[in-house]
Amino acid sequence: MQHYLNYIDGQWRDASRQLTVMNPGTGEPYATIAQAGIEDADLAMAAARRCVDCGALTEVRPAIRTGWLLKAAEAIRAIADDGALVACRENGKSLNDARDEFLEAARYFEYYAGMADKIEGISVPLGKDYVDFTQYVPFGVSVQIVPWNFPVSICARSLAPALAAGNAVVIKSPEISPLAMTLLVRAVEQAGFPRGAVNLLCGKGSEVGSHLVRHPDTNQIVFTGSVPTGQRILRDSAERATPSVMELGGKSAAIALADVDLDTLLASVKVGIFFNAGQVCSAMSRLLVHRSRYDEVKAAVVALAEGLSIGQGEGNPDLTPVVSADQQQRVLAMVEQARAEGARVLTGGVAPDLSGYFVAPTVIEATPDMTIAREEVFGPVLVLMPFDDEDEAVALANGTDFGLVAGVFGEGLSQTLRLANRLRGGQVFINEWFAGGIETPFGGVGLSGFGREKGQEAIYSYVQTRNIGIRLSNR
């Protein structure tokens with residue numbers, strides 16, 4: 001069984017403890033990784049602080065950082081196939097999706113390489129006796145806590161802009177699926193970043209994660225994960241008023257209008273809720289359908305779900321396992337709770353007779369007050385509900401504490417855009433779920449968090465504004 005290490009201050013380090021990583025497709029141990037502790041976290045923070053204080057990232061011309069980021073992108077592309085196999089086996093996702101995750105990580109480094117030398121301030125007119133201007137300066141040490149569903153891509157999503165802006169980074173990887181991230185960091189290591197600029201720790205969130213959040217050298221926190229964990233981090237960070245970017249999940253709804261094109265909708269349903277076994281913060285977890293099309297759409301969605309292939313990720317099936325036994329039981333327990341509350345399970349809701357942590361693709365009819373219609377499942381579970389008019393559709397879509405993404409499906413541009421402008425969320429899709437890319441800002445409102453990742457807007461989450469005012473002498 002292969003053993004993986006942590007990366008601290010430019011060196012790969014073992015630890016006295018280790019964590020076992022399971023293969024979700026088989027339910028068997030796959031590899032081990034060094035389990036970082038408090039001492040390791042302190043070493044990583046000290047390395048990042050030294051890197052910041054010596055100016056190794058900020059005293060060079062920004063074009064140098066551009067070069068490092070481009071080299072990192074090239075190195076990530078070179079190991080995409082090897083990394084994909086590791087990600088597939090530790091996380092359960094399909095081999096194709098795992099490869100795409102590495103390629104997306106490379107694109108993040110390419111994209112933010114293009115911004116590293118374009119973070120420009122402004123000149124402020126104060127009259128002839130003054131020169132006044134602003135600078136964007138990095139926070140310093142950025143602590144980034146990465147989730148288990150897309151660890152490679154989400155790591156790169158925050159790491160690349162942080163480095164582009166001149167921050168040193170300490171990354172806390174997820175205990176469940178930390179292995180592919182070590183390959184990502186090995187690739188980044190080849191780019192020539194200064195020692196201490198990137199550090200990677202795999203440890204328990206309750207131990208290492210909490211310590212990093214409260215650490216006096218932490219200048220910024222970036223977190224993607226569950227609402228309860230995010231709330232704990234915010235409480236801890238409040239003591240030092242540490243700036244944070246929070247992406248906390250969602251319960252996102254798609255609205256299918258009376259003139260919806262069924263094929264267009266079904267293509268988005270397939271990717272929207274069944275991609276990565278529904279373990280996507282921006283998943284299409286609710287589908288609201290105009291009553292005139294409800295029976296037709298319901299039948300088509302059930303047929304779609306029942307026609308999906310299910311299997312281990314290496315075979316690139318339509319539906320892969322969820323990440324762990326705990327996650328499988330959590331999803332199934334929420335389905336059983338839905339049944340107990342009176343929801344109708346149209347298909348799925350069971351664990352298929354397969355080795356590993358599978359949940360059958362599930363479609364449920366529910367009412368808006370039911371738990372399954374209000375709380376995030378993080379599994380392949382779609383909730384269907386009818387509506388009669390636009391106002392009801394908007395009320396249903398906006399009727400949770402979340403506000404990450406939303407969607408509208410219909411043929412009339414005026415109507416779809418009108419509804420899009422009324423929906424609560426950081427990103428609204430029209431006629432294609434997940435429309436956009438790394439170029440489009442991403443983030444939520446309400447319990448979905450705050451701050452934005454991706455796109456040009458994200459770079460400004462990793463800098464703060466400094467104003468310099470100069471009084472000119474009259475002599």
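Some ground rules. This is a predicted model, where local features need pLDDT of at least 70, side-chain atom pairs count only at pLDDT 80 or more, and totals for chains, interfaces and linings use all residues. Residues are numbered from 1 along each chain as its sequence is written, and side-chain values use heavy atoms, leaving out hydrogens and water.

Helices (H or I, at least four residues) and strands (E, at least two) are DSSP runs, numbered from the N terminus. Strands of a sheet pair through backbone hydrogen bonds, parallel or antiparallel. Here, two strands pair if DSSP finds at least two bridges between them.

Now, which strands form the three-stranded open sheet? The order is 1-5-4, with mixed pairing. Strand 1 (2-4) and strand 4 (18-23) are the edges; each has a single partner strand, so one side of each has no neighbour in the sheet. From one strand to the next, the twist averages 35 degrees. Angles run from 0 to 180 degrees between N-to-C directions, and axes are lines fitted to C-alpha atoms, for helices over the stretch in contact.

Strand 1 and strand 5 (residues 28-34) run parallel, joined by three bridges. Look for Gln2: it stands opposite Ala31 in strand 5. Helix 6 (residues 179-189) packs on this sheet. It touches strand 1, strand 4 and strand 5, where contact means heavy atoms within 4.5 Å. Its direction makes about 45 degrees with that of strand 5.

Next, the helix pair. The axes of helix 5 (residues 151-165) and helix 6 come within 9 Å and cross at roughly 40 degrees. The two helices are therefore oblique to each other: under 35 degrees counts as roughly parallel, over 145 as roughly antiparallel, 65 to 115 as roughly perpendicular, and the rest as oblique. Who makes the contact? Helix 5 brings Pro151, Val152, Cys155, Ala156 and Leu159. Helix 6 brings Ala180, Met181, Leu184 and Val188.

Strand 16 (residues 362-365) pairs with strand 17 (residues 381-387) in the parallel sense, over four bridges. There, Thr362 stands opposite Val381 in strand 17.
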